[in-house]
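Have a look at the model first, then try each task before reading on.

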Amino acid sequence: MCVLNKNNTVESEVGTVRDRTLFQQAWNQFKRNRRAMVGLWIITALIFILIVTIVIDFLTDYSIYDSFVIKQNLRNKLAKPSLTHFLGCDEFGRDLLLRILWGTKYSLLLGFSAVSLSFLIGGPFGMIAGFYGGRIDNVIMRVMDVFMACPFILLAMAIVAALGISTTNLLIALGVSGMASFSRVTRASVMAVKDKEYIEAARAVGASDLRIIVQYIFPNAMAPILVQITLRIGTAILLVAGLSYIGLGIQPPAPEWGAILTSAKMYMRDAWHISAFPGLFLVTTVVAFNLFGDGLRDALDPKLKK
Amino acid sequence: MIQYIVKRFILVIPVLLGATLLVFTIMEFAPGDPARIMLGNDATLEDIQILREEMGLNDPFVTRYTRFITNLLKGDLGMSYRNNLEISSQILQRLMNTMILAGAAVLIAVIIGIPVGIISAIKQYSVFDNFVMMTTLFLAASPVFWLGLMLVLLFALKLGVLPAAGMKSGFPGLLLSLILPALTLSSNTMAIIARTTRASMLEVVRQDYIDTARAKGLKESTLTVKHMLPNALIPILTVIGISFGGLLGGSVVTESIFAWPGVGRFIVDSISFKDTPSILASVVMLSILSTFINLFVDLLYAFVDPRIKSQYQLLKR
């Protein structure tokens, strides 16, 4: 890193941008994209909320969580938004803002872990298929076609139904049902780089297949995969909320955003705020990830570079 | 052309077999012994064993799967644990209802999405374009169940102009009760179609042949409909095809909000009753449906894009 920084200062004095690393180039491109920066700021804020709520729970031994987020207080039942409760209270008199803030961790952590799991399962298959081609490729991709034939959410529902409703099973369901599309993206990006000269050079000096894949192909094929991961987090967050909404995901009284909305429907006539605000948080989160992903794609796409 | 269609149909068979095998295998993990569930808690072990033997539950996995497939081909989807009725008779009408809902959603998404995308592309960076880009950004990111709730809040509870839930009989009633669920279900797809149409049209607008056509003195409207749109159609079709599977899946949630009597709601109910055969049958049926819709879209390409057709004819020679 030190050397790189040194190089950079030299560069900026000379005034060229040619020798910057891919990451620096991408970041420069990304910074200029205002929408993408908005996305990044929102995601940073959400991660901040996530860390703060976890630290508070850790320091107070869940006493704040238990007494404000979970414990019922029927005196405030369906209270409208006011100065003491900015977003009002839910049907059990719990402060909606606190519940939403504490719910951030479900959406973010589950969304992120589900997508990572999909990549961890699907990625290696895609890499093998793309690298070796031929019969192996054919077999792997036909199996993935089968996974793609079953609509994403249905596959996830079937897995949750079979394994039973729990957070771990939800994660498995989301991870497995998302794996096929990741294997496709990985395969495509591996195929795009595997015939490059530097791969041939590595082979010429006697590098093993594993080493070529891990050390040379993977880092160079990473860009489209990274974009896909970011864009898929939004989808995964929506899916977690959707499954929780129909009762197959996170179970109440946990303040997951989709789960909050499940009960909100019954009180819609008197308390519109319970259904409006968790949804707004969900939309904002997903929009942020989409903007960030789009920006990342533009920044990493060599075609768009000036 | 017919040869192409037949070939595509044959290629679908292994995918369908695989998909049914996948769902069948997943449901193998479902907890509970079907025989015990059907006989109730006070059944003796002997009774359970006899019923297991009768139902063929003791057969090896492959035998059971083969039996499932042969029965499926005969239109027999097995018996529901919940009410001991044939699943096929319960599911058929629901499948129709889901198709009505998904079909209406696609129709709305196309009718609104494509024109909006075209206008956005022609008037790039205008106020309208910016408005469309913002709206679609949020629509594409909105959870279906939340949009549904908001639409119910506005149109059913505050304005009272549309029914909040259920499927009414009679054509006008059906149409009225279809508006909110179909609009809800279409929202994501509509946004994606509008954005894809815009992007695809923008690529076409800059082509030389558009300049040529304009230089010929063609009216802008003719130019758009006859020269730009057909060339921009392939990516739009792809998106519509991809979203159909998502729509069938999304119908699960939409049907739950609006109490729409479709397969999606049937699955959710079946899950809460641990009614494994019903879950299996519904998921398999929806997967088959979505595979055939994808096939149909693939075939449509050949009609829209003369390049694909000629490619195939070249191969034949």
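**Exercise 1: a bent helix**

Helix 8 of chain B has a kink of about 45 degrees, centred on B:Ser187 (the bend at a residue is the angle between axes fitted to the seven residues ending there and the seven starting there). This is a predicted model, in which local features need pLDDT of at least 70, side-chain atom pairs count only at pLDDT 80 or more, and totals for chains, interfaces and linings use all residues. Residues are numbered from 1 along each chain as its sequence is written, while chains are lettered from A and ligands numbered from 1 in the order in which they are written.

Task: how far apart are the end C-alpha atoms of helix 8 of chain B?

Solution. Begin with the length: helix 8 of chain B covers residues 171-205, 35 residues (helices are DSSP runs of H or I, at least four residues, numbered from the N terminus). A straight helix would reach 51 Å at 1.5 Å a residue (1.5 Å times one less than the number of residues). The end C-alpha atoms are only 42 Å apart.

**Exercise 2: two packed helices**

Task: at what angle do helix 11 and helix 12 of chain B pack?

Solution. Take helix 11 (residues 263-272) and helix 12 (residues 276-304) of chain B: the angle is about 155 degrees, and the axes lie 9 Å apart (axes are lines fitted to C-alpha atoms over the stretch in contact, and angles run from 0 to 180 degrees between N-to-C directions). Helix 11 of chain B is therefore roughly antiparallel to helix 12 of chain B (an angle over 145 degrees). Among the residues making this contact are B:Phe266 of helix 11 and B:Leu286 of helix 12 (C-beta atoms, placed from the backbone, within 7 Å).

Key. Parallel < 35°, antiparallel > 145°, perpendicular 65-115°, else oblique. Contact = placed C-beta atoms within 7 Å.
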